[in-house]
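Have the sequence and the 3D view open, and try each task before you read its solution.

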Amino acid sequence: MAAFSDAFQDELDRLLKWRRDVRHFKTDPVDEALLTECLDAFLKAPSVGLSEPWRVVRVASDTARRAAFENFKEANDQALKGYSGEKAKLYAGLKLSGMQESPVQLAIYCDEATDKGAGLGAGTMPEMRRYSVVGAINLFWLTARAKGLGVGWVSILDPVRLNHDLDVPKDWSLVAYLCVGFPQEASDTPELEQMGWEDRRRALPVEVR
């Protein structure tokens, strides 16, 4: 396989740095053709046994969005109770979702009961199906960023409640709730780092056995 050019590798590294989780979105609509181009990245993703277990639900109706946001608010209030002192004060000031502004919202599921792939590679590690979905989400995220869109991953949700509200099949497990749209501002520094919540590692610790 031929190596990519130095220029391409530099641009790829730049894309990885600018991938950033976005929580501040413009309300401008996203062109459907552009969104489709980004979603097509799922079709290029690796998956265990070629099972392609990802299932994408477009959360578009006012009713569904309202239910998802109420879910987040209650889960966020509960999470706040787990902190105290300065950490609680800092947590309370964080913006942890773009659900009120983002024009596109996607619930990404793993079909745990899919027949595709005939179970290859998932017998000893069934969680590989979910890992495959995460890998596909990462390709979608990078593609969206390369095309000028931002993506935010909302994990402060009750998945059982969301599954009920979205009326998904019982064998689907929630992997991600994504907000998608044009960022209000550009930054290559994680917002949690900017706000002083945590620092990013500058070197990867590798253990040798």
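Predicted model: local features only at pLDDT ≥ 70, side-chain atom pairs only at ≥ 80, totals over all residues.

Residues are numbered from 1 along each chain as its sequence is written, and side-chain values use heavy atoms, with hydrogens and water left out.

**Exercise 1. A glycine in a loop**

Task: Find where G98 lies, and decide whether G98 is buried or exposed.

Solution: 
- Step 1. Look at the loop between α4 (85–92) and β2 (104–111), for this is where G98 lies. Helices (H or I, at least four residues) and strands (E, at least two) are DSSP runs, numbered from the N terminus.
- Step 2. Check the cover: G98 has 2% relative accessibility and therefore counts as buried. Buried means under 20% relative accessible area, exposed over 50%, and partly exposed in between (1.4 Å probe, protein chains only).
- Step 3. List the neighbours. Leaving aside residues up to four places away in sequence, G98 touches R23, F25 and C179; contact means heavy atoms within 4.5 Å.
- Step 4. Compare chain and space: G98 and V151 are 53 residues apart along the chain, and their C-alpha atoms are separated by 9.2 Å.

**Exercise 2. Two tryptophans**

Task: Describe how the rings of W141 and W153 are arranged, and say which parts of the chain they tie together.

Solution: 
- Step 1. Recall that a pair of aromatic rings is described by the distance of the centres and the angle of the planes.
- Step 2. Apply the cut-offs. Rings of Phe, Tyr and Trp (its six-membered ring) pair if their centres lie within 6.5 Å; planes under 30 degrees apart count as stacked, over 60 as edge-to-face and the rest as tilted.
- Step 3. The whole structure holds nine aromatic pairs. In the one formed by W141 and W153, the centres are 6.3 Å apart and the planes make 40 degrees, a tilted pair.

**Exercise 3. Charges over rings**

Task: Which residue lies over the face of W141, and which over that of W197?

Solution: 
- Step 1. Use the rule: NZ of Lys or CZ of Arg must be within 6 Å of the ring centre and within 35 degrees of the ring normal.
- Step 2. R19 lies over the face of W141, at 5.0 Å from the ring centre.
- Step 3. K87 lies over the face of W197, at 4.1 Å from the ring centre.

**Exercise 4. Salt bridges**

Task: How far apart are the closest N and O atoms of K73 and E70, and how are these two residues placed in their helix?

Solution: 
- Step 1. Side chains of opposite charge can pair when their charged atoms come close. A salt bridge is a side-chain nitrogen of Lys or Arg within 4 Å of a carboxyl oxygen of Asp or Glu.
- Step 2. K73 and E70 form a salt bridge, with their closest N and O atoms 3.2 Å apart.
- Step 3. Both are in helix α3 (residues 62–80), three residues apart, so about one helical turn separates them.
- Step 4. K73 is partly exposed at 34% relative accessibility, and E70 is partly exposed at 30%.
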